[in-house]
Each structure stands twice: as C-alpha cells, then as structure tokens.
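Look over the structure first, then read the points below.

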Amino acid sequence: MRRYEEYYGFGLGSTSYINNIRRTNTKNLTEYLKGNYIDEEEYEDKETRIENEIMLGLRKLEGINLDTFKEKYNISLEEKYDIEKLLQDKYLIKENNYLKINKEYIYISNEILIKILS
C-alpha cells in the first residue's frame, strides 16, 4: 500500500479497507473454514480518516502531499491543524509541497504527531 488508500486483505487475520470500512478477518482457522471470515468491522468517519492520514503520512520520509490532502478532504492541512509553531521550531518541514517530520526529530515522531492532533 503506497498511501492511505483502499486495499483488500485475504487470509487469517488480514485486514481490508474498502469504502471507509476497515474489516479484520478472524484468526480462528475453524471459523474461517466455515466461511465466518470477518472478526471485526469498523466504519471510519472523515475525522478518523484525516487523523489516520496524518499519522501514516508523517511516518513516511516523503511526508504528506499538501495538494492531495486538500483535494481529498476539502480543507488544507494548515487550516485543519495549527502546525505553525512546529514549522517554526523545525520539527516539521515543508518541502516541494510536502509536509514531513524533520529527519533530526524522527526519534520523537510520536510526540510531534500528538502535538498536531491535540
């Protein structure tokens, strides 16, 4: 999976993400062989999708494409989240229209994500 997009998972314990629904297959072989594939199913609303996009996107070295984010969610990331201080303090970097965590601060990426999403 390149980005936070739809995908199918097949087999025991696999996960699929289609039409904003995340489905996890059972890990129980007996149930799976009976055709009882799905163990959990959860609908993700827009807010959850945005938060997941931030968490997954900023874990990649290339970061988040700001144009793609705005196209997808009809709001810019800078409008949605107050990231100015993180940019000023160089925890986040904007480069070629991508927002990413500064390589010097990858080791505290979880703390940076919490500051963005809080």
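The side chain of serine 16 has a polar atom 2.8 Å from the backbone nitrogen of glycine 9. That is a polar contact (a pair of N or O atoms within 3.5 Å; within protein, one must be able to donate a hydrogen and the other to accept it, and residues adjacent in sequence count only if both atoms are side-chain atoms). The model is predicted: local features need pLDDT of at least 70, side-chain atom pairs count only at pLDDT 80 or more, and totals for chains, interfaces and linings use all residues. Residues are numbered from 1 along each chain as its sequence is written, and side-chain values use heavy atoms, leaving out hydrogens and water.

**Serine 16**
- Serine 16 sits in strand β1 (residues 15–18). Strands (E, at least two residues) and helices (H or I, at least four) are DSSP runs, numbered from the N terminus.
- Serine 16 counts as buried because its relative accessibility is 12%. Buried means under 20% relative accessible area, exposed over 50%, and partly exposed in between (1.4 Å probe, protein chains only).
- Leaving aside residues up to four places away in sequence, serine 16 touches Tyr7, Tyr8, Gly9, Ile21, Arg22 and Arg23. Contact means heavy atoms within 4.5 Å.

**Asparagine 25**
- Asparagine 25 belongs to strand β2 (residues 21–25).
- With 11% relative accessibility, asparagine 25 is buried.
- The side chain of asparagine 25 reaches the backbone oxygen of glycine 11 at 3.0 Å.
- Not counting residues up to four places away in sequence, the contacts of asparagine 25 include Phe10, Tyr32, Tyr37 and Asp39.
- Asparagine 110 lies 85 residues from asparagine 25 along the chain, and their C-alpha atoms are 28 Å apart.

**Helix α2 with α6**
- Helix α2 (residues 46–57) and helix α6 (residues 109–117) have axes that come within 10 Å and cross at roughly 150 degrees. Axes are lines fitted to C-alpha atoms, for helices over the stretch in contact, and angles run from 0 to 180 degrees between N-to-C directions.
- α2 and α6 are therefore roughly antiparallel (an angle over 145 degrees).
- Glu51, Ile54 and Met55 in α2 meet Leu113, Ile116 and Leu117 in α6. The residues of this contact are 5 nonpolar, no polar and 1 charged.

**Helix α2 with α3**
- The axes of α2 and helix α3 (residues 66–73) come within 12 Å and cross at roughly 170 degrees. So α2 is roughly antiparallel to α3.
- In α2, Lys46, Arg49, Ile50, Glu53 and Ile54 meet Phe69, Lys72 and Tyr73 in α3.

Terms used. Angles under 35 degrees count as roughly parallel, over 145 as roughly antiparallel, 65 to 115 as roughly perpendicular and the rest as oblique. Ala, Val, Leu, Ile, Met, Phe, Trp, Tyr, Cys and Pro count as nonpolar, Asp, Glu, Lys and Arg as charged, and the others, Gly among them, as polar.
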